[in-house]
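Dear colleague,

Please find the structure below, together with its sequence. My notes on the strands and sheets follow it.

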Amino acid sequence: MPVLPLSPFVRPEGHVKEGLRAGRLFAAFALLCCLLSSLPAGAAAPEPEAPGDGGLSRMWSARAGDLAALTDEAENLRKRAEELSKALEAGLRNTRVRFSRLSGLFQASRGHPAEQLALARQMHSLREALRDNISPMEQIALAVQQRREEVSGLQKDMGDVVRDSAADGGAAKESEREAYTRALGVASKKLALLAERLDILLTPAKTLLGRIERSIEDIDGSLVDIWQNYYLSPAGPGVPASAPAMLADWISSVPSRLSFAYPQSAEEWQDAGKTLLLHVFVMAVLGFVGARGVFILPLQWRGAWLRRLVRALVCMGLGLGVLAAAANQYGILYFGFALLGGLLLVAGTASLTWRLRVTVRPELASVSSPLMRLLPPAFFGVFLLFSDPPARVLGMLWAAAMLLFLALTFFSRKHRKGGGKLPLLEAFAHICSVWFGLASLLAAGFGYARLGVLLFILLFTLINSLSLGSSLMNIFAALAGRVFDARERPIGNAVAQAASVPLAWLLSLLCAVPWVWVAPGARHILRQFLGTSYTVGEASFDFSRLLLIVLLFFLFRSFIRLGRASLEHLPARLPNIEPGVIPPLGTMLRYGFWALFAVVALALLGVDFTSLAVVAGGLSVGIGFGMQNLFNNLVSGLMLIFGRTILVGDYVEVAGAAGTVRAINIRSTTIETAERAMVFVPNSAIMAGQFTNWTRNNRTVRRTVTLGVAYGSDTALVEKLLLEAARGQTHVLTFPYPTVLFSDFGANSLDFTLHVFIDDLDNAGAALSALRFSIQRLFAENGIDIPFPQLTLHMPEKGTPPDPSCSPANMTVLRESAKDADEGN
C-alpha cells in the first residue's frame, strides 16, 4: 500500500532537539552581549542589540514556523483519514457479510477436505483484502502517533526555554511565548481527536481480522483430521439407489472446484506465466552448466549422460517451473498447477532413476522399467483423488484399474521371460508390485479405495527410492575414486566414500517430495507427522531429532573413516612409528567415536544421565561378578595394546597355538596358524600365562638340522659338506655364520648338528627342506653314508632246539628298540 508522505517542514524528534540546542546557544549569545554592555566605557565592546530585535525573536519565529507546519500536517492527516474512512467502512461491511457466509459454509463442510481447501483459499483472500483496507489507516495512525510524540516533546522543553530566556523580559517575548503555547495546545488537541477517531475506525476492523485469522487457523488445524477421515473412512457396499443423484451433485460441483485449481483472472494467468518462464530459463541455464561439467564423469558414462538423461531432466525442470507458478499472491497453491507440476516431476524422476540404473547396470538395457509399469496406475489413482467422485464410484474405478494392472503383470510375456534375468532389486520390485496390487485391490473391495491409492503410491515411492539410492551410491563411489585417487589422496578418498552413502540416500528420499503436491492432503498429514513429538519412557523425540541423529551417525562414520585412513598412512610419514600399533589405535578410535555418538544421541533424545548414573551404580556390583572375565579381557587388551608386548604380524606360541598375530582387539587376540585356521585367544590367557614371541626383536630365526653318518666316515669332510650346503641356500644368512657341532657317538652313527640362521620366519620351512635336499646330494656325491638301524635274524636248522633269545617276548623287544632307533634318526 502507498505510504503517506510526510511534510518536508515537519522536523522529526531529533531535529526538534537540535533546534532547542540552537535556541539555547542564541540565548547564551544574548546574555553575553548584555554582560559586554555593562563593561566600562573605555573598554572595547560591541553595541548591544535592542531587546525586541535579539536572537530570541528569530528563535521564536523559527519555532512558530515549525509548529505551523506540524499543525498543517495534522490537518492533512485528518482530511486523508476522512477520505479513507468511507472506503474502510464499506469494505468492512462487505467483509463481515462474506465472513459470515464462509463461516456457515465452514460449519457445514467439515467432512469434505476439498471444500475446506476452497474455504481456506477464500479466507486467505478475504484476509488479504481486509489488510489492504486497514493498511492506509494504520499508516495514518502511526504518523499521528509520531506527531503527538513531537508535540509532547515540545511541551516538555518549554520550561527549559523559558528559564533560558529569563534575562530578556520584553513584552513582545512574553506574547510570542504565550502564542506559541496556545498553538501547541491546539495542535495537541487536534492530534488527540484524530487519534481517537482512527482508533474508533480501526478497532472493529482489527477485531474482524483477528476472527478471520482464527478461522484460518481452525481450518488448518482441522484439515489433518479431515484428511485422515477422508482416507480411513470406508464406503458402504454395493451401489446405492441414490447413485445418479450423487453423480449429478458431483458433476455440478466440478466447476466450483476447478475455480480454485487454476487462475481465474487475466492478471493471475499473466503472473503465473511470468513465473513459469523465469524458472524455465533458470533451469535451462543450470542444465547448460551441468552439461559443461559432464567431463568429470568416467568416459563410459558421458554418452549415457548426454543421450539418456536429457529428457528426464527437461521433464523435471518443467515440473519445477509449474510448481513455482502454482503459488499465488495469497500464499496458497493453485492445486491444479501443483498437480501438473508434481506429475511432471514424478515422471521425470522415474525416468531419471531408470536411466541411471541402466548406466550402472548395462545388462538392464533390454529390460522394461518396472517404474514405468507402475506409473500409469499411480497417475490414474491421483486423478481419481483429485476429481474426488463419490467413494463407491471411486472404489469401482480403482478396483478395475488394479485388476487390469495385475492381469498385465501376471500375463505379460516380458514379465515371464525377464523375471528370472532381473537383478535382485528389480526382481524385488516385480514381487512387491504384485503384492501391493493385491493389497490395493482388497482395500478397494472393502471400501477403502482412497487408502488403496495411497498404498500404490507408497509402492511406487519405495521402488523409486531404492533404485535411485543404489544407482547413486555406485555413481558417487566412482566419482570419489576418480576425483580423489586412493593412493595419492587417501584421506580425501575416505571422506568422499563415507559421504557418498548418506548423500545418495538423501537424494533418493527427495524423489518422494513431488508426491507431497500430487497426493491430496499429503502436505497436511506430513506436516502433522513431522511436528508430532513422541515420548517413550524418559526419551522424547520427533522427526527432526531423528533426522539429526541419522545425519550425526553418518557424520561420525565419516570421522571414523577419516581417522582410520590417517592412521593407516601414518607410518609412511613417520617411520619411527611401529606399524603394528596402528590397528589397535584404529580400534580405540572407532570405539571412542561410537561411544561419543551414543552419548550425543541419548542427549538429543532427552535421556536424563543422572538416572542412568544411578542405574549404573546399582548394576556395578552385578557387573563386577557376572562380567568379571569380560572386564579382565578388556584390561588385558589395553595392556597388550599399550605395552606392545605383542604386535600385529608377530609370530607367537601361546595357549597351545602357534601362528601369526592378525588382530589385537579389546577382548581377544586373533592368531592365524600355518593351516590358515583363525584362533581367538582371550587376552587374559595371554597376560596370565607364558607365551613365546618369535619375532619380538626381528624376524630372523635359528634352525637346527640333526643327522648321523656311518662309523669310519671322514668327519672333517662331513663338516665341510654341511657348511657348503648351508652357504648354498638363498634364505640362510652368512652372518651369523652357520656352525657344525660333532654332538655324539651314537649307537649306530656319528651324530652331527648343523645350526643355521634363516632370514625370515616365513621362509624357515622351505629353507630347511632345500637344505636337507642339498645335504643328501652332497653326501651321495662324496660317498658319505647315513646309517640306519639293521636287524639280523638267525634261523635255527631243522631238529635244532629253539634259541631262548628268539622267543616272542625277545622279538617284541628287538622290534621296539629298532623302532626307537629309527625315530631317533
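Predicted model: local features only at pLDDT ≥ 70, side-chain atom pairs only at ≥ 80, totals over all residues.

Residues are numbered from 1 along each chain as its sequence is written, and side-chain values use heavy atoms, with hydrogens and water left out.

Helices (H or I, at least four residues) and strands (E, at least two) are DSSP runs, numbered from the N terminus; two strands pair if DSSP finds at least two bridges between them.

β5 (residues 668–672) and β6 (residues 678–682) are joined by five bridges, and E672 lies opposite M678 in β6. These two strands form a hairpin with five residues between them, and R676 in the turn has a positive phi of about 65°.

The other open sheet has three strands in the order β8-β10-β9, again antiparallel. Because β8 (701–709) and β9 (739–745) each have a single partner strand, one side of each is left without a neighbour in the sheet. Nine bridges pair β8 with β10 (residues 750–758). Helix α23 (residues 715–727) packs on this sheet, touching β8, β9 and β10 (contact means heavy atoms within 4.5 Å). Helix α24 (residues 764–781) also packs there, touching β8 and β10.

Kind regards

Conventions
Axes fitted to C-alpha atoms, helices over the stretch in contact; angles between N-to-C directions.
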